[in-house]
Amino acid sequence: MRNYKIKPPQIIILIFLMILVLLAYVLQMDLVILFNESLTKLVMNGVLVLALIPMLNVGAGMNFGLPVGIVGGLVGLCIAVNFRLTGFFGFFMSLFFSLVICAILGWIYGRLLNRVKGREEIAGTFIGFSMIPLMNYFWTLAPFQNRQMLYPIGGQGLRPKISLEPYFYNVLDNFCLLKIGALEIPLGLLAFYALICLFLYLFFRTKSGRATLATGENEAFARLSGIDIGRIRLLAIVLSTMLAGIGICVYAQSYGFIQLYDEPLSMAFPAISAVLIGGSTGRRTWIFEAVLGAYLLQTIYLLTVPIANEILIPEVTEILRTFITYSIILYALLYRDKRGISH
Amino acid sequence: MRNKEPADKLFKLEHLVPTVFLILSFVAWQFSGLSGTFVINQVITRFIRDGLLVLSLIIPVVAGMGLNFAIIVGAMTAQTALLFVINYQLEGARGILLVLFLGILLSALVGFVIGHILNRVKGKEMIVTIIIGFLANSLYQLIFLVGFGTFIPVVNKEIILSRGIGVRNAVDLGMYRNTIDKLWLLKIGDIEIPLFMILVVLLFAGMLYYLLHTRFGQQVKAVGSGNEKAEIAGINVNLLRIKVIILSTVLAALGQLVYLQNIGMFDVYTAHMNADIISCAALLAGGASIKSAKIRHAIIGIFLFHTLFIVSPQAGQNLFHNAALGEYFRSFVAYGTIAFALIINIKHEK
């Protein structure tokens, strides 16, 4: 948080955001409702952004293999739905299952990434991509029993979109929802998010957490001070994967559907671009940066939808989103290496 | 020069991957129940369609830049050239020549830009080329879905969506379809061999082979074996890397044109999708690694990879009564091959 400086990309993003807000105002859209939604969107996507921090801080770069954790979380969600667990119990059980599965997946993923030190990003991208068709087998063949999850015809294979409506749809969103006039503040949701931030903050205060930071700052020096680099990196990668699992659970309960098959494929990119907007340079990243980035990016996403519908062609929203996402990632990759921060 | 021990390991790997693919293809073919002639005909078609795209990957690998996923941008420039020419309704030889000219010009320009970008991120080229590919795809969609009819005047009303803005999903290439494909068609039994197109692909392969053995090729190899060494030898490394990328992008653009004229239908927004992944996987299947690639890897790779690609859905259908499982298998093979190559190769570096 010290030396926090606003950099050119953030200025551009802020100007863009202000133009969008202005446009929304001119088009007489309900700004209060948009603000309410922006808070929900922040937490909905924010945990996935937080999931990137441990790997960034250990010096393993941006976690392009986020889908590994996401599919782990999806399996957890499916198990909870399979047993028809509802309400808070259902949600927390899905978190529990996700954490167990993600820990295993994260361990394998971490072992793989430890072999490709220095090129984690490209290897992570393809490990993540490979997970998708592999998991498609699982979604098609796994013996789930709940009829509401399966294809209506044939009864084999999970549906691409499973509704959470009868189970734990919006349990967090609606918990302690504070209403002041039209303003709705999802206190429960924000508290859950704050709890995860706090957990990460405390983690970096522990001995392992400090070792993580030291490894990210200067690996040679960390090794000299007796830190087991391989173990610490593995820990950070497992943590990152587990947080991604929690992230998708929060996302699904907010969105109302479990999205399977090819859906997780490109979920890593918006998260990475969010953390970069927040001010991360692909190295040491503060929690504050992840939260700020997630809020800025999600608000832009949110505002582009109605505005594009109003003044342009509907498809523009999605294209603009991807365009913004990838521009930011590309910029960060170029900028980072120019300053010679990277190896 | 490489010392002996890693060279031995590479040698083994070079044979291991194609062998695995050969066995997989054979097993999948047995289960698919498809006739041999059908598979051979299909593989020959794919060889023509994908040949140049796979070949375009070789030089960047030799130059030590890894797999150039940005060939997808080359494919998009070819499609851009094609759409502009169709928009102005130029037919016949004049149209084809203009497409070629525009395609080469655009892809050379784009290659120049990508080359510059990659010079700033030495050692991380692959992840950057992937992001460049995604970004270019957004830009491409923006131009054709939004730009056409708003900023770009529409001459040919047939290719535009009914709302007047944006190009249709599919544009018919009737006037170009199979113009050169059926040239010198050789028939042996039920197997059709379009000799001309095979020769075109082989010609390009020969040209690449020749190029790699000229002075330029020696310089590329020198750069590939280490930037510092090359610089001591007096090679302008940055300029050479830009040339390499331009060459790769132009080849990819030509490759995409061959691909499109062979298919005869032009899916404006999806024709280029996965061209990079499939081509890279095919090259690796032939025994290439991200450090070394030869012409023969490309040619063997296309045959092996596409055989597996053709037979696996049907094999999935017969084995599990679900064709989708075969589809998953082949996307897993495509992504998995690249992931495997990355993990194995980086380990070997040390």
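Trainee: What makes the radius of gyration of chain A agree with that of a compact globule?

Mentor: The radius of gyration is taken over C-alpha atoms, and the globule rule is 2.2 Å times the number of residues to the power 0.38. For 343 residues a compact globule would have a value near 20 Å, and chain A has 20 Å, so the two agree. Along its principal axes, the C-alpha trace of chain A spans about 55 × 55 × 35 Å. Keep in mind that this is a predicted model, in which local features need pLDDT of at least 70 and side-chain atom pairs count only at pLDDT 80 or more, while totals for chains, interfaces and linings use all residues. Residues are numbered from 1 along each chain as its sequence is written, and chains are lettered from A and ligands numbered from 1 in the order in which they are written.

Trainee: Why is A:N63 called buried?

Mentor: A residue is buried if 20 or more other C-beta atoms lie within 10 Å of its own, exposed if 12 or fewer, and partly exposed in between, with C-beta atoms placed from the backbone. A:N63 has 32 other C-beta atoms within 10 Å, and therefore it is buried. Of the 343 residues of chain A, 48% count as buried.

Trainee: Where is A:N63 found, and which residues is A:N63 in contact with, leaving aside its neighbours within four places in sequence?

Mentor: A:N63 is in the loop between helix 3 (53-57) and helix 4 (66-82) of chain A, where helices (H or I, at least four residues) and strands (E, at least two) are DSSP runs numbered from the N terminus. Contact requires C-beta atoms, placed from the backbone, within 7 Å, and with those sequence neighbours left aside A:N63 is in contact with A:L52, A:M55, A:G124, A:S240 and A:A268.

Trainee: Why are helix 4 and helix 6 of chain A called roughly parallel?

Mentor: Their axes come within 7 Å and cross at roughly 30 degrees. Angles under 35 degrees count as roughly parallel, over 145 as roughly antiparallel, 65 to 115 as roughly perpendicular and the rest as oblique, so helix 4 is roughly parallel to helix 6. The axes are lines fitted to C-alpha atoms, for helices over the stretch in contact, and angles run from 0 to 180 degrees between N-to-C directions. Helix 4 contributes A:L66, A:P67, A:V68 and A:V71 to the contact, and helix 6 contributes A:I127, A:G128, A:M131, A:I132 and A:M135.

Note on methods:
Two residues are in contact if their C-beta atoms, placed from the backbone, lie within 7 Å.
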